[in-house]
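Work through the exercises below with the model open in a viewer. Try each task before reading its solution.

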Amino acid sequence: MNRAELQSLALVRLRDVEVLMAGGSHEGAYYLAGYVIECALKACIARQTRWFDFPDRRTVNASYTHDLIALVRSAGLEEQLRAEQRRDSRFDENWGAVARWTEESRYLRPSPTAAQEIYAAITSTKGGVLRWVRRH
């Protein structure tokens, strides 16, 4: 997949989350919400790839994960993340909600409140995680 495809997929997953939440399927919505950020972070990693350059093996291996914190690291966004957390308390709180998500969330039974919380953390116009990731 290329960067544009990953960016598009992040938005598709966001629409899926919205449909699931509207239908009362908060468990599925919570699970897919993490993939919104995963796809967006992978788009950031893809942006760093240059045509005809053979990618570093460590970066490639680290990119094949669902761990959002590891993806931030692979995208080279750790410093920017920490800076944004210090600068914006809303973003810090929102990142905390998103960072609790794991691939293992598929086995959880999150409450409607938890699903709404992660959705708001991703989509908020002030301190929203997706807005921050898309800037990078």
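The exercises that follow concern a predicted model, and each task comes with a worked solution.

**Exercise 1. Pack H1 on H2**

Task: At what angle do H1 and H2 pack, and how far apart are their axes?

Solution. 
- Step 1. The angle is about 165°, and the axes lie 8 Å apart.
- Step 2. That makes H1 roughly antiparallel to H2, because angles over 145 degrees fall in that class.
- Step 3. The crossing of H1 past H2 is left-handed.
- Step 4. Name some residues on each side. H1 contributes, among them, Leu 6, Ala 10, Leu 14 and Val 17. H2 contributes residues including Ala 29, Ala 33, Val 36 and Ala 40.

**Exercise 2. Find the two sides of H7**

Task: Which residues of H7 are buried, and which exposed residues lie on the face turned away from them?

Solution. 
- Step 1. Check the helix. H7 runs over residues 112–123, so 12 residues in total. From first C-alpha to last it reaches 16 Å, close to the 16 Å expected at 1.5 Å a residue.
- Step 2. List the buried set: Ala 115, Ile 118, Tyr 119, Ala 121 and Ile 122.
- Step 3. These residues cover an arc of only 160° around the axis, so they share the same side of H7.
- Step 4. Recall the helix geometry. An α-helix has 3.6 residues a turn, so residues three or four places apart point the same way.
- Step 5. Turn to the opposite face. Pro 112 and Thr 113 are exposed there.
- Step 6. Find the partners of the buried residues. They pack against H1, H2 (26–47), H6 (89–99) and H8 (129–134).

**Exercise 3. Pack H2 on H7**

Task: Are H2 and H7 roughly parallel or roughly antiparallel?

Solution. 
- Step 1. Their packing angle is about 25°, with the axes 8 Å apart.
- Step 2. Angles under 35 degrees count as roughly parallel, so H2 and H7 are roughly parallel to each other.
- Step 3. H2 passes H7 in a left-handed crossing.
- Step 4. On the H2 side the contact uses His 26, Tyr 30, Ala 33, Gly 34, Val 36 and Ile 37. On the H7 side it uses Pro 112, Ala 114, Ala 115, Ile 118 and Ile 122.

**Exercise 4. Trace the contacts of Ile 122**

Task: Which residues does Ile 122 contact, leaving aside neighbours within four places in sequence?

Solution. 
- Step 1. Ile 122 lies in helix H7. At 2% relative accessibility, Ile 122 counts as buried.
- Step 2. Its contacts are Leu 14, Ala 33, Val 36, Ile 37, Val 98, Gly 128, Val 129, Leu 130 and Arg 131.
- Step 3. Met 21 is 101 residues away along the chain, and the two C-alpha atoms are separated by 14 Å.

**Exercise 5. Read H6 and its partner H5**

Task: Which residues of H6 are buried, and at what angle does H6 pack with H5?

Solution. 
- Step 1. The buried residues of H6 are Phe 91, Asn 94, Trp 95, Ala 97 and Val 98.
- Step 2. They fall within an arc of 160° seen down the axis, so they line one face of H6.
- Step 3. Ser 89 and Glu 93 are exposed on the other side.
- Step 4. Take Asn 94 in detail. Its relative accessibility is 13%. Beyond four places in sequence, Asn 94 contacts Ala 121, Ser 124, Lys 126, Gly 127, Gly 128 and Val 129.
- Step 5. H5 and H6 pack at about 125°, with axes 5 Å apart. That makes H5 oblique to H6.
- Step 6. Leu 81, Glu 84, Gln 85 and Arg 87 of H5 meet Ser 89, Phe 91, Asp 92 and Trp 95 of H6.

Methods
Residues are numbered from 1 along each chain as its sequence is written. This is a predicted model: local features need pLDDT of at least 70, side-chain atom pairs count only at pLDDT 80 or more; totals for chains, interfaces and linings use all residues. Side-chain values use heavy atoms; hydrogens and water are left out. Helices (H or I, at least four residues) and strands (E, at least two) are DSSP runs, numbered from the N terminus. The expected span of a helix is 1.5 Å times one less than its number of residues. Buried means under 20% relative accessible area, exposed over 50%, partly exposed in between (1.4 Å probe, protein chains only). The arc is that of the directions from the helix axis to the C-beta atoms. Contact means heavy atoms within 4.5 Å. Axes are lines fitted to C-alpha atoms, for helices over the stretch in contact, and angles run from 0 to 180 degrees between N-to-C directions. Angles under 35 degrees count as roughly parallel, over 145 as roughly antiparallel, 65 to 115 as roughly perpendicular and the rest as oblique. A crossing is left-handed if the near helix is turned anticlockwise from the far one by less than a right angle, and right-handed if clockwise.
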